[in-house]
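Subject: Structure handover

Hello,

Here is the structure I said I would pass on. My notes on it follow below.

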Amino acid sequence: MQEVKKNQASDLEEGLSSLYEVIYYSRTTDDSDTEGLAIAYKKDKFNLVNEGMFWLSETPLVQSKGWGASYYRICVTAPLEDKETGVDFEVFDVHLDVNVQAAREGGIQLVLDTIEERGNTSVVCGDFNAMNTETCYEIIANKMTDAQSSAGGEYGITYNGYGSLAFSPFISSVDFIFFESDVFKVNYFDILTDTEEVTKEDGTSATFYYSDHYAVLSNVYLYY
């Protein structure tokens with residue numbers, strides 16, 4: 001999850017507590033940015049081996065903006081161990097910069113470099129703020145497999161702008177799930193376009209969007 005505020009993280013922890021543990025990190029340590037990233041995992045299925053975060057910048061261990069980024073950007077990591085099999089893998093949750101192409105490219109390359117350094121079987125997911133036609137996408141697609149592409153689906157729109165797309169540059173997906181193709185196989189991929197029709201006080205109806213992005217969902221198998 002991306003753009004999660006502290007009160008939302010608390011709501012998630014409480015609402016999901018019967019099934020999930022939630023890992024949450026803010027994008028800043030001094031509360032100068034109100035948003036962060038979260039990963040939820042099934043606590044009856046996985047052991048959390050470790051957890052952490054780093055900034056997407058040239059100095060990832062200290063609070064910093066990288067490559068001219070407009071905002072502080074981070075990556076949250078969760079190495080998990082399957083309780084039944086003992087097989088482990090690591091989840092990387094990212095939110096790349098919305099305005100600066102160099103920051104997106106530098107950020108995703110840093111994630112890939114971190115994966116290579118740690119040597120763990122890995123999944124990368126998040127809001128890339130880039131379509132599959134951009135260099136940022138190509139950088140990771142050269143190393144990992146896109147679940148949506150592997151499932152054979154079309155690149156449907158994942159940014160909905162709360163129903164207003166008049167000024168959106170995104171005509172296809174910008175939210176992705178990547179995995180290592182030699183160990184993961186995708187079963188299916190879906191973009192969850194659920195909305196809710198609500199009745200306003202004046203009696204008129206309106207469409208309620210849960211977020212300005214649709215959620216993406218993939219079911220994958222890890223072979224070991």
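Is Phe 208 buried, partly exposed or exposed? Phe 208 counts as partly exposed, at 39% relative accessibility (buried is under 20% relative accessible area, exposed over 50%, partly exposed in between; 1.4 Å probe, protein chains only).

This is a predicted model, in which local features need pLDDT of at least 70 and side-chain atom pairs pLDDT 80 or more, while totals for chains, interfaces and linings use all residues. Residues are numbered from 1 along each chain as its sequence is written, and side-chain values use heavy atoms, without hydrogens and water.

Aromatic rings: the structure holds 13 aromatic pairs (rings of Phe, Tyr and Trp, the last by its six-membered ring, with centres within 6.5 Å; planes under 30 degrees apart are stacked, over 60 edge-to-face, the rest tilted). Among them, Phe 208 and Tyr 210 are edge-to-face, because their planes stand at 85°, with the ring centres 5.5 Å apart. Tyr 210 is exposed, at 53% relative accessibility. Ring pairs also join Phe 128, Tyr 137, Tyr 155, Phe 176 and Phe 178 into a cluster.

Lys 65 places its charged end over the ring of Tyr 72, 5.0 Å from the centre (NZ of Lys or CZ of Arg within 6 Å of the ring centre and within 35 degrees of the ring normal).

Backbone: most residues other than glycine have a negative phi. Glu 3 has a positive phi, near 55°, and is partly exposed, with a relative accessible area of 34%. Tyr 162 also has a positive phi, of about 55°, and is exposed at 53%.

Regards
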